[in-house]
Amino acid sequence: MGFTVLVPEEHGERLLPDLLSGHRIVRYDADDELSPQAEVFVPPLAPSPELIERALRLPRLRMVQLLTVGADPWSGRMPAGVTLSTCRGAHSVAAAEWVQMVLLATFRGLPAFLAQARERAWRPRATVGLSGRRVLVVGAGDVGRTLATRLVASGCTVTLVGRRGGNGAHPVSELPDLLGEHDAVVLVVPLTGQTRGMVDARFLAAMPDGAVLVNAARGAVVDTAALLAELRSGRLSAALDVTDPEPLPPEHPLWSAPNLIVTPHVGGAVHGLYERAYRVAARQIAAFAAGEQPPNAVSNGY
């Protein structure tokens, strides 16, 4: 007998049956009563806290399979015996493209040129470019390593930092000594107790003048007030796909901060998103159904 798998929206109902045979695929809407027969729950990309609570109370729940890489709303909350699995591998290329885009835009001065174009002002100038830049990638998982490969191909020197180091990455304990040696710092870490507020005033002060901070992780990894102070001083630039708070309220000072690119959490939002996510999800669920540990399973403490 296969599992009953709850899937959100029409994407899951359309895609998962062809990818995961032998299981009962049931679509739900966020306001629906969730089937108490469900053993596997697939949340939407941005589940509400109320939906998370309802899902974790399912009496037969055995697995939560995410469509995202970040597991922070779920980590540390799994009931005993329930496996949490991410969608690692589905979004790495898209996320890496977003980082490349904002680094290129920043180093080639695109925001300033666009502002000049709106003023119909023709003011040529040279920019530093991306090739030759030293980029510190904080987060040595799938996204970080995919990004590193692409940046090296663009002529950058890349330093990886991981939680424990190894496999070509420096341990996070070396991060303070590395910050001052790089032109850009890219954040691709999960939100945990260790990473929340990691990028504070001290962290930013250690970055060299003219450096760029790129946050493709979670908004709460960065102290927003500390970043605003650096942007307003003109010492640093930044690009944010995630913010704290998020969504960013219309009156928030980040909107008018200088030297900043903001996008509305779209780093992975490219055509084919759901097809890739459900292919990964299907492999994780199939492994779990076969009595194996899903390759993307995370510990309860994350």
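This is a predicted model: local features need pLDDT of at least 70, side-chain atom pairs count only at pLDDT 80 or more; totals for chains, interfaces and linings use all residues.
Student: Let's start with the open sheet. How many strands form it, and in what order?
Tutor: Seven strands do, in the order β8-β7-β6-β9-β10-β11-β12, and their pairing is parallel.

Student: Which are the edge strands?
Tutor: They are β8 (170–171) and β12 (260–262), each of which pairs on one side only.

Student: Over how many bridges do β6 and β9 pair?
Tutor: Over four, in the parallel sense, with β6 covering residues 134–138 and β9 covering residues 184–187. In β9, V186 is the bridge partner of V137.

Student: And which strands does helix α8 touch?
Tutor: Helix α8 (residues 224–233) packs on the sheet and touches β10 (212–215), β11 (237–240) and β12. The direction of α8 makes about 135 degrees with that of β11.

Student: New topic, aromatics. How many aromatic pairs are there?
Tutor: A search of the whole structure finds three. One of them is F3 with F288, a tilted pair at 5.9 Å centre to centre with 40 degrees between the planes.

Student: Where in the chain do F3 and F288 sit?
Tutor: F3 is in the segment before β1 (4–8), while F288 is in helix α9 (residues 273–289). The pair links distant parts of the chain, 285 residues apart.

Student: Is F3 buried or exposed? And F288?
Tutor: F3 has 9% relative accessibility, so it counts as buried. F288 counts as buried too, because its relative accessibility is 12%.

Student: Why is the pair of F41 and W74 called tilted?
Tutor: The planes of the two rings are at 50 degrees, so the pair is tilted; the ring centres are 6.2 Å apart. F41 lies in strand β3 (residues 40–41) and W74 in the loop between β4 (63–65) and β5 (83–85), 33 residues apart. Both F41 and W74 are buried, and together with Y28 they form one aromatic cluster.

Student: What sits over the ring of F113?
Tutor: The charged end of R125, 5.1 Å from the ring centre.

Student: Last topic: how many residues are in the largest nonpolar core?
Tutor: It has 32, and V185, L187, V199, M207 and L213 have the most contacts inside it. Helix α8 gives the most to this core, with four residues.

Student: What does V185 contact beyond its neighbours in sequence?
Tutor: Leaving aside neighbours within four places, V185 is in contact with L136, V138, L179, F203, M207, V212, L213 and V214. Another core, of 25 residues, lies apart from the largest one, and its members include L160, A169, V212 and V214.

Key: Residues are numbered from 1 along each chain as its sequence is written. Side-chain values use heavy atoms; hydrogens and water are left out. Two strands pair if DSSP finds at least two bridges between them. Helices (H or I, at least four residues) and strands (E, at least two) are DSSP runs, numbered from the N terminus. Contact means heavy atoms within 4.5 Å. Axes are lines fitted to C-alpha atoms, for helices over the stretch in contact, and angles run from 0 to 180 degrees between N-to-C directions. Rings of Phe, Tyr and Trp (its six-membered ring) pair if their centres lie within 6.5 Å; planes under 30 degrees apart count as stacked, over 60 as edge-to-face and the rest as tilted. Buried means under 20% relative accessible area, exposed over 50%, partly exposed in between (1.4 Å probe, protein chains only). A charge sits over a ring if NZ of Lys or CZ of Arg is within 6 Å of the ring centre and within 35 degrees of the ring normal. A nonpolar core is a set of buried Ala, Val, Leu, Ile, Met, Phe, Trp, Tyr and Cys residues joined through side-chain atoms within 4.5 Å.
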